[in-house]
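Subject: Structure handover

Hello,

Here is the structure for you to look over. My notes follow below it.

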Amino acid sequence: MSPLRLKSKQCYAIGCGAQISRQMLMCREHWGLVSRSTQNEVYRTYQRLTRTDEEVEEVGGRDSLRPYVVATMRAQLEAAREQGMPDELLDILAADLKTMETPSAAVETVTP
Ligand SMILES: [Zn+2]
């Protein structure tokens, strides 16, 4: 069972209250503001997170949550930038992203 399994949830974009299906990160409108490369990164890291037990055995382990979190934070930052959010907010998001990208960040493995 994936730890990411939730019922419906809110769009991950800043200030958006749209309810979306749990397989999605953002509503259609905000997802469209995210660059293609970041969209692909979100898909790729999410797939690696939701590997089956057989696949985990094959590749020798389950990835930590961090690459997915980094991808989603980057998507959030890009959407905010495209929406013309204030620079102060973008700076905060960028700083958070940078912290998460560094190997010493606190979020590590997923506990089932
Ligand atoms: Zn949205």
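**Overall layout**

Starting at the N terminus, the elements of the protein chain run β-β-α-α-α-α-α. That is 5 helices and 2 strands in the protein chain. Please keep in mind that this is a predicted model.

Confidence next. The protein chain has an average pLDDT of 85. A score of at least 70 is reached by 83% of the residues. Among the elements, helix 1 (residues 28-31) has the highest mean pLDDT, at 97. Helix 3 (residues 53-59) has the lowest, at 75.

Two figures for the chain as a whole. Of the 112 residues in the protein chain, 18% are buried. Take the contacts with a separation of 6 or more: residues 24 or more positions apart account for 50% of them.

Helix 2 (residues 36-49) comes first. Its axis and that of helix 4 come within 8 Å. They cross at roughly 155 degrees. The crossing of helix 2 past helix 4 is left-handed. On the helix 2 side, the contact is made by Thr 38, Glu 41, Val 42, Thr 45, Tyr 46 and Leu 49. Helix 4 contributes Pro 67, Tyr 68, Ala 71, Thr 72, Arg 74, Ala 75 and Glu 78.

Now helix 5 (residues 87-101). Helix 4 packs with helix 5 at an angle of about 165 degrees. The axes are 10 Å apart. Helix 4 passes helix 5 in a left-handed crossing. From helix 4, the residues are Arg 66, Val 69, Val 70, Met 73, Arg 74, Gln 76, Leu 77, Ala 80 and Arg 81. They meet Leu 89, Leu 90, Leu 93, Ala 94, Asp 96, Leu 97, Met 100 and Glu 101 in helix 5.

**The nonpolar core**

In soluble globular proteins, nonpolar side chains tend to be buried together. Here, the largest nonpolar core holds 15 residues. Which of them touch the most other members? They are Tyr 12, Ala 13, Leu 25, Met 26, Ala 75 and Ala 79.

Leu 25 is worth a look. Leaving aside residues up to four places away in sequence, Leu 25 touches Tyr 12, Trp 31, Val 42, Thr 72 and Ala 75.

Ala 71 sits in helix 4. Is Ala 71 buried or exposed? The threshold for buried is 20 or more other C-beta atoms within 10 Å. Ala 71 has 22, so Ala 71 is buried. Beyond residues up to four places away in sequence, Ala 71 touches Thr 38, Glu 41, Val 42 and Thr 45. Gln 39 is 32 residues from Ala 71 along the chain, yet their C-alpha atoms are separated by 8.1 Å.

Glu 101 belongs to helix 5. Glu 101 is partly exposed, because 14 other C-beta atoms lie within 10 Å. Glu 101 and Val 69 are 32 residues apart in sequence. In space they are 9.1 Å apart, C-alpha to C-alpha.

Lys 9 lies in strand 1 (residues 9-10). Lys 9 is also partly exposed, with 15 other C-beta atoms within 10 Å. Apart from residues up to four places away in sequence, Lys 9 touches Ile 20 and Arg 22. The C-alpha atoms of Lys 9 and Gln 23 are separated by 9.3 Å. Along the chain, these two are 14 residues apart.

Best wishes

Conventions:
Residues are numbered from 1 along each chain as its sequence is written. This is a predicted model: local features need pLDDT of at least 70, side-chain atom pairs count only at pLDDT 80 or more; totals for chains, interfaces and linings use all residues. A nonpolar core is a set of buried Ala, Val, Leu, Ile, Met, Phe, Trp, Tyr and Cys residues joined through C-beta atoms within 7 Å. A residue is buried if 20 or more other C-beta atoms lie within 10 Å of its own, exposed if 12 or fewer, and partly exposed in between; C-beta atoms are placed from the backbone. Two residues are in contact if their C-beta atoms, placed from the backbone, lie within 7 Å. pLDDT is the predictor's confidence in each residue, from 0 to 100. Helices (H or I, at least four residues) and strands (E, at least two) are DSSP runs, numbered from the N terminus. Axes are lines fitted to C-alpha atoms, for helices over the stretch in contact, and angles run from 0 to 180 degrees between N-to-C directions. A crossing is left-handed if the near helix is turned anticlockwise from the far one by less than a right angle, and right-handed if clockwise.
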